[in-house]
Amino acid sequence: MRQDREALLGIHHVTAIAGDPQANVDFYVGVLGLRLVKRSVNQDDPGTYHLFYADAVGHPGTDLTFFPWPGARRGRAGAGQTIAVALAVPPESLGYWTRRLTDHGVACEGPARRLGEEVVALSDPDGMPVELVAGPDTGTRTLWTPWEDGPVPPEHAVRGLHAVTLLETAVEPTRTFLVEVLGAREVGDGDGRLRFATGAGGSGAMLDLIARAGAAPGRIAAGSIHHVAWRTADAGTHRGWWERLRGRGIPVSSIIDRFWFTSIYFHEPGGALFEIATDGPGFTVDERAEALGSRLILPPWLEGRRAEIERVLPPLRVPAPARRGPG
Ligand code: ZN
């Protein structure tokens with residue numbers, strides 16, 4: 001059993017692919033009420049956005065990010081992929097959410113009971129499966145700062161990432177990898193899925209595994225989840241993970257400075273892409289908390305091309321802050 005200080009602390013972020021960036025902002029900010037905390041570009045394709053949605057300050061564990069490619073064809077969910085992302089909401093808020101989704105013309109199913117939790121299932125504008133989940137600890141997440149100016153009242157707001165679901169053609173060898181390499185433990189079995197937890201477990205630190213023999217492989221494109229990143233506390237434990245993966249002969253990227261965190265990437269045996277990222281320095285390293293997401297942030301090596309990049313990026317209208325209550 002791994003020492004606690006080395007354990008993966010939970011989900012750090014989830015990155016997915018979208019089509020139209022404006023539809024993506026309108027849905028994740030305007031409907032789900034997440035805050036756009038970073039407006040940047042795809043470092044490998046700076047003529048396209050990289051958009052980051054999270055709580056008010058971008059805590060690790062609250063962050064859902066997208067590469068929107070206008071006109072991108074749709075992906076196909078399949079084996080060897082992360083096929084759904086679950087977001088935590090307080091148990092008493094599910095009624096609010098089903099009403100809100102209906103009011104915004106977003107079809108949803110549920111709430112339905114699954115592994116002792118209540119799940120409302122919906123799709124984002126690109127068809128990506130998103131679940132709003134209420135469980136015993138979804139309303140009491142500590143690494144969460146409410147966005148007071150957001151369109152969703154803080155008492156009902158999304159608390160962060162809750163869990164991810166992987167689809168594979170077989171339970172093994174993904175189970176062995178999760179347990180023996182990543183130090184996860186099996187904490188649930190039911191409703192057609194195995195549940196694993198990392199670190200202290202609970203909301204924000206869980207992965208569900210569905211095995212379906214003969215499932216066709218997926219195709220990653222718009223509406224697909226590209227990768228899941230796992231949290232590690234600091235640069236030392238992060239390097240420890242890089243060495244551990246290499247020591248086990250698992251192909252792993254070099255250690256990459258992503259500016260707001262440091263990353264390594266590798267595939268689990270079924271094919272899904274994983275990342276391990278440091279909790280810090282975080283999204284306020286280059287913008288004040290109040291100003292997060294308000295301007296285009298470029299890595300230093302692209303600053304010289306800012307005018308050209310801003311010219312090719314489509315304009316983005318972020319829904320105006322809410323004016324709730326008196327005044
Ligand atoms: Zn990532």
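The model is predicted; local features need pLDDT of at least 70, side-chain atom pairs count only at pLDDT 80 or more, and totals for chains, interfaces and linings use all residues. Residues are numbered from 1 along each chain as its sequence is written, and side-chain values use heavy atoms, with hydrogens and water left out.

The zinc ion has the protein donors His13 (NE2), His227 (NE2) and Glu275 (OE), at 1.9 to 2.0 Å. Donors are N, O and S atoms within 2.8 Å of the metal (3.2 Å for Na, K and Ca); water is not among the atoms, so sites may look incomplete. Along the chain the spacing is H-x213-H-x47-E. His13 lies in strand S1 (residues 11-18) and Glu275 in strand S16 (residues 273-278), so the pair ties together parts 262 residues apart in sequence. Helices (H or I, at least four residues) and strands (E, at least two) are DSSP runs, numbered from the N terminus. Both His13 and Glu275 are buried. Buried means under 20% relative accessible area, exposed over 50%, and partly exposed in between (1.4 Å probe, protein chains only).

Strand S11 (residues 193-197) has five of its five residues buried. Arg193, Arg195 and Ala197 point one way, and Leu194 and Phe196 the other. S11 runs antiparallel to strand S10 (residues 185-190), joined by five bridges. It also pairs with strand S12 (residues 206-211), antiparallel, over four bridges. Strands pair if DSSP finds at least two bridges between them. Phe196 stands opposite Leu207 in S12.

Arg195 also forms a salt bridge with Asp208, with the closest N and O atoms 2.7 Å apart. A salt bridge is a side-chain nitrogen of Lys or Arg within 4 Å of a carboxyl oxygen of Asp or Glu. Arg195 and Asp208 are both buried. Salt bridges link Glu117, Arg193, Arg195 and Asp208 in a network. The whole structure holds 16 salt bridges. In one of them, Lys38 meets Asp286 at 2.6 Å, N to O. Lys38 is buried, at 0% relative accessible area, while Asp286 is partly exposed at 27%.

The largest nonpolar core has 70 residues, and Tyr28, Leu32 and Phe274 have the most contacts inside it. Such a core is a set of buried Ala, Val, Leu, Ile, Met, Phe, Trp, Tyr and Cys residues joined through side-chain atoms within 4.5 Å. A second, separate core of nine residues includes Trp260, Phe261, Ala277 and Leu292.
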